[in-house]
Amino acid sequence: MTEKRLRGVHGQTVEALAGRIVAGEIGEGDTLDLPALREELDVSLTALREALKVLSAKGMIDARQKRGTFVQPRSSWNLLDTDVMRWQTEATADPGLFTELTEMRVIVEPAAARLAAERATREDVEALSAALDRMTGARDLAATVRADHDFHRLLVAAAHNTFLTQVERVVAIGLAERDKLVHGSVAGDPVPSHRAVLDAITARDPGAAHAAARALVDEEKPDLNRLS
């Protein structure tokens with residue numbers, strides 16, 4: 001699943017401002033020059049204010065009397081917001097961002113695989129198998145990325161835990177960008193490691209599923225190091 005850009009004048013204004021903030025063109029602590037932005041973006045004051053409300057709700061900006069509207073430090077951003085994650089991955093190929101995502105996946109995916117080995121339905125297993133078949137038959141990078149994304153989404157869904165599913169939606173955005181870099185830059189067949197996870201889930205072996213999912217995430221670390 002790829003998150004879509006916000007549409008309309010309002011959405012385009014949000015996208016433009018967020019892109020500049022994430023790229024560092026408007027830095028942390030900088031005060032926004034609203035009249036200049038309104039003229040530069042060619043939008044009404046109402047549209048600009050509505051866009052600022054969106055970014056404020058995501059923790060990216062704040063407003064104070066006598067100081068005006070300013071950019072919050074990244075630590076204040078809602079990093080688990082799907083738009084915020086998308087903006088970050090679109091703005092930079094910083095290996096540090098993907099390293100942090102990998103660290104989150106080390107925590108989430110092995111636990112999800114363990115639960116999936118206990119809870120997965122027949123339909124869950126069939127869906128995972130179909131995603132693996134698509135990965136095996138992929139003939140280009142885009143098809144490989146889609147199949148890989150589907151497999152990881154379905155893996156977490158098979159755990160039948162709504163909180164894990166919410167986290168996966170955010171991680172998936174970064175994962176899609178990471179896959180473009182990893183599968184596009186590093187030789188290697190992703191199928192065997194994914195098959196090991198599926199085999200363990202099919203065998204109803206929680207320990208093996210946890211270990212296979214951990215190995216799957218761990219094998220990507222050297223790939224990301226080579227991209228830095």
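## Lining of the largest cavity

In this predicted model, the lining of the largest cavity is made up of seven nonpolar, one polar and three charged residues. The residues concerned are M104, R105, V108, E109, H152, V156, V167, E168, V171, A172 and L175. Helix α8 contributes the most, with five residues.

The space inside the largest cavity amounts to about 70 Å³. The structure has two cavities of 30 Å³ or more.

## The second largest pocket

The volume of the second largest pocket is about 150 Å³. Its lining comprises 14 residues, of which V22, R74, W77, Q88 and T92 are the closest to the centre of the pocket. The elements giving two or more residues to this lining are α1 and α5, and the largest share, three residues, comes from α5. Sorted by class, the lining of the second largest pocket holds six nonpolar, four polar and four charged residues.

Although A116 and A158 are 42 residues apart along the chain, their C-alpha atoms are separated by 5.0 Å.

## Salt bridges

Side chains of opposite charge can pair when their charged atoms come close. Over the whole structure, 13 salt bridges are found. One of the pairs is E40 with R20, where the closest N and O atoms are 2.9 Å apart. Because E40 belongs to helix α2 (residues 34–41) and R20 to helix α1 (residues 8–23), this pair ties together parts that are 20 residues apart in sequence.

R153 and D150 meet through their side chains in a salt bridge with an N to O distance of 3.4 Å. Both residues are in helix α7 (residues 141–157), three residues apart, which is about one turn of the helix. R153 is partly exposed, at 32% relative accessible area, whereas D150 counts as buried at 17%.

R86 forms a salt bridge with E90, with the closest N and O atoms 3.7 Å apart. The two residues are four residues apart in helix α4 (residues 82–91), so about one helical turn separates R86 from E90. With a relative accessible area of 3%, R86 is buried, while E90 is partly exposed at 41% relative accessibility.

Which residues are linked with R86 and E90 in a network of salt bridges? The network joins E15, K58, D81, D83, R86 and E90.

## Aromatic rings

A search of the whole structure for aromatic pairs returns zero.

Terms used: Residues numbered from 1 in each chain as written. Predicted model: local features only at pLDDT ≥ 70, side-chain atom pairs only at ≥ 80, totals over all residues. Heavy atoms only, no water. Phe/Tyr/Trp six-rings, centres within 6.5 Å; stacked < 30°, edge-to-face > 60°. Salt bridge = Lys/Arg side-chain N within 4 Å of Asp/Glu carboxyl O. Buried < 20%, exposed > 50% of the residue type's maximum accessible area, 1.4 Å probe, protein only. 1 Å grid on protein atoms, 1.4 Å probe; cavity = no way out; pocket = protein on both sides within 12 Å on 5 of 7 lines; lining within 4 Å. Points joined across faces, edges and corners; volume = space filled by probe spheres on them. Nonpolar A, V, L, I, M, F, W, Y, C, P; charged D, E, K, R; others polar.
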